[in-house]
Amino acid sequence: MVFCNIDMSPPSPAGPCAVVIFGASGDLTKRLLFPSLYNLARNKLLPEDFAIVGVARSEKSDDAFRSEMNENIHQFATAGVDEELWHWLEGRLYYLSGNFDDPATYSQLQQKLADIEDKHGTGGNVLFYLATAEDYFAKIVSLLGEAGLVREEAGHWRRVIVEKPFGHDLESARTLNREILSVLSESQTYRIDHYLGKETVQNILVFRFANGLFEPIWNRNYIDHVQITVAETVGVEQRGGFYDHTGALRDMVPNHLFQLLALTAMEPPTAFNADPVRTEKAKVLEAVEPLSEQDVLHQVVRGQYGEGTVAGKPVAAYRASPKVAPDSNTETFVAMKLAIDNWRWAGVPFYLRTGKTLPKRATEVAIQFKQAPFALFRDTPVECLTPNFLVVKIQPEEQISLQFSAKVPGPAVRMNGVQMDFSYKDFFGAAPGTGYETLIYDCMIGDAILFQRADNAEAGWKVVDPILKTWASHPPADFPNYAAGSWGPRPANALIERDLRYWHLYD
Ligand SMILES: NC(=O)C1=CN([C@@H]2O[C@H](COP(=O)(O)OP(=O)(O)OC[C@H]3O[C@@H](n4cnc5c(N)ncnc54)[C@H](OP(=O)(O)O)[C@@H]3O)[C@@H](O)[C@H]2O)C=CC1
Ligand SMILES: O=C1O[C@H](COP(=O)(O)O)[C@@H](O)[C@H](O)[C@H]1O
């Protein structure tokens, strides 16, 4: 038997660069970006010639920013803090106070970056991270352009990571792409979706295309249907101001759920590179059958949680959350049935659902295979065959499970459902992280494979747009329609059960 050598040498540190974070005092920066940058330093993936500039409105000195980030890292680091390492990173932190709308901010930034380049040898390479509300994305890019800060000259690069949400419908996503691409080239633009930073999500590609076992049966001949669930136990918490004009559909579906769908359903790319992968992802989203108004009313279910109990703790209704309208019609749950109209998937339904305050935190892709014929067991005590499921568990468990039937030991022919599990933790050990590490590192080394291209972002909105339009003209009559701690509104079960199928996760 021949095994190929596996290169276990660690990746090299990124080349010299500075990272500028717009929104440096925000929640994302504190909880996720700084811990990620720290983890990159811990894993020796940051260059020695490195610096970070935080930009936000509040006035503070470099020293005040350093001590604020010092407190944050001790609160949010994913695996303890090595003080010496933190000291190394802290000495590379700078702060600029300024308004995102003000051109003066960008001339000051230019000066600051020049000083930093002299001091830290960052080589003129700059990653701008837009950790701000979406309303600022186009404005910041435009002012960066006017200040000449994103001009790439021989020998140095300038790249921009754009956070989510990328628009709030198809039209606004197209406008945002137009505005951004009037300043930046596509290769400078890194539209982030943090689901692509999750190892288990990336592994879908490897699992499908590096194993001769699964790909031959990964189609309508063998697969009965696919379920994609992103269940959260948390409610809207303190994010009512953002969430109440966003809702579960916009917040989760065109981005995170469609990443899972695209990786599960795409054709093999011609190479493991950014463009071939993103081309196949765009193609499969383009192949999702457009929903008519009738389809939306019949195939898409929305819900909003009322009061209830999650994990034994009482939860107030969504409408009672801070900064949420007391008569809000915003959905906190959505389920839908989609079809992909191509050669591989014709006739295979894709059921998707996501919601807040559900009984269990679980993100998974469950693939149900077609039943074996029953004929052989007709004269045995076996009453029916249970379907085979292949379940890719993304979080909190990071596993792949294959569920199949096995004979129960004994003289009679009886069978039971059993499963084979591969667990990331058991096999590779746990690597605590935020999921942003890979994404930031990839941007530093210029690898866009895990980022959305303009057409990927628009393709997601194209599927969702008819739902937004239909819902706008058909306000929900029954909100709140599920209790916090339940699996969503009843019609979400009817959506799949009328096809004589059942949600895989339902207990
Ligand atoms: N928080 C999270 O968990 C996640 C967030 N995101 C996305 O990340 C982005 C940022 O979110 P989040 O960190 O929660 O937002 P916050 O509201 O917590 O932070 C906003 C930041 O922007 C600064 N800011 C706002 N307006 C201006 C202005 N006019 N001029 C200068 N600075 C300004 C604020 O500075 P100051 O405090 O000084 O006013 C603050 O640093 C959003 O696009 C969000 O959708 C994505 C995934 C998860
Ligand atoms: O982008 C978002 O994602 C989170 C869920 O992310 P996860 O990594 O915890 O699965 C969601 O809670 C939030 O509403 C949304 O904006």
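This is a predicted model: local features need pLDDT of at least 70, side-chain atom pairs count only at pLDDT 80 or more; totals for chains, interfaces and linings use all residues.
The domain assignment divides the protein into domain 1 (17-163) and domain 2 (196-497).

**Domain 1 and domain 2**
- A distance of 34 Å separates the C-alpha centres of the two domains.
- Contact between them involves 15 residues of domain 1 and ten residues of domain 2.
- On the side of domain 1 that touches domain 2, α1 and β5 (158-162) each contribute at least two residues.
- The largest share of that side, seven residues, belongs to α1.
- The class make-up of that side of domain 1 is eleven nonpolar, three polar and one charged residues.

**Helix α14**
- A bend of about 40° occurs in α14 at V464, and the proline P466 follows within four residues.
- Buried residues of α14 include A454, A457, W461, V463, V464 and I467.
- Among the elements that cover the buried residues of α14 are α6 (170-181), β6 (189-191), α9 (247-265), α10 (274-286), α11 (293-299) and β8 (300-303).

**Two buried asparagines**
- N456 is a residue of helix α14, and it counts as buried because it has 23 C-beta neighbours inside 10 Å.
- Apart from neighbours within four places in sequence, N456 contacts R278, K281 and A282.
- R191 is 265 residues from N456 in sequence, yet their C-alpha atoms are 9.7 Å apart in space.
- N481 belongs to the loop between α14 and β18 (482-483); because 20 other C-beta atoms lie within 10 Å, N481 is buried.
- With neighbours within four places in sequence set aside, the contacts of N481 are G303, Q304 and P489.
- N481 and D82 are 399 residues apart along the chain, with 48 Å between their C-alpha atoms.

**Cis peptide bonds**
- K164 and P165 are joined by a cis peptide bond with omega of about 0°, and P165 is located in the loop between β5 and α6.
- A cis peptide bond also runs from F479 to P480, where omega is near -10°; P480 lies in the loop between α14 and β18.

**Positive phi angles**
- K44, which is not a glycine, has a positive phi of about 60°, and its place is the loop between α1 and β2 (50-56).
- E237 is likewise a residue other than glycine with a positive phi, near 50°.
- The loop between β7 (223-231) and α8 (240-243) contains E237, which counts as exposed because it has 10 C-beta neighbours inside 10 Å.

Technical notes. Residues are numbered from 1 along each chain as its sequence is written. Chains are lettered from A and ligands numbered from 1 in the order in which they are written. The bend at a residue is the angle between axes fitted to the seven residues ending there and the seven starting there. A residue is buried if 20 or more other C-beta atoms lie within 10 Å of its own, exposed if 12 or fewer, and partly exposed in between; C-beta atoms are placed from the backbone. Two residues are in contact if their C-beta atoms, placed from the backbone, lie within 7 Å. Domain bounds come from an automatic or database domain assignment. Ala, Val, Leu, Ile, Met, Phe, Trp, Tyr, Cys and Pro count as nonpolar, Asp, Glu, Lys and Arg as charged, and the others, Gly among them, as polar.
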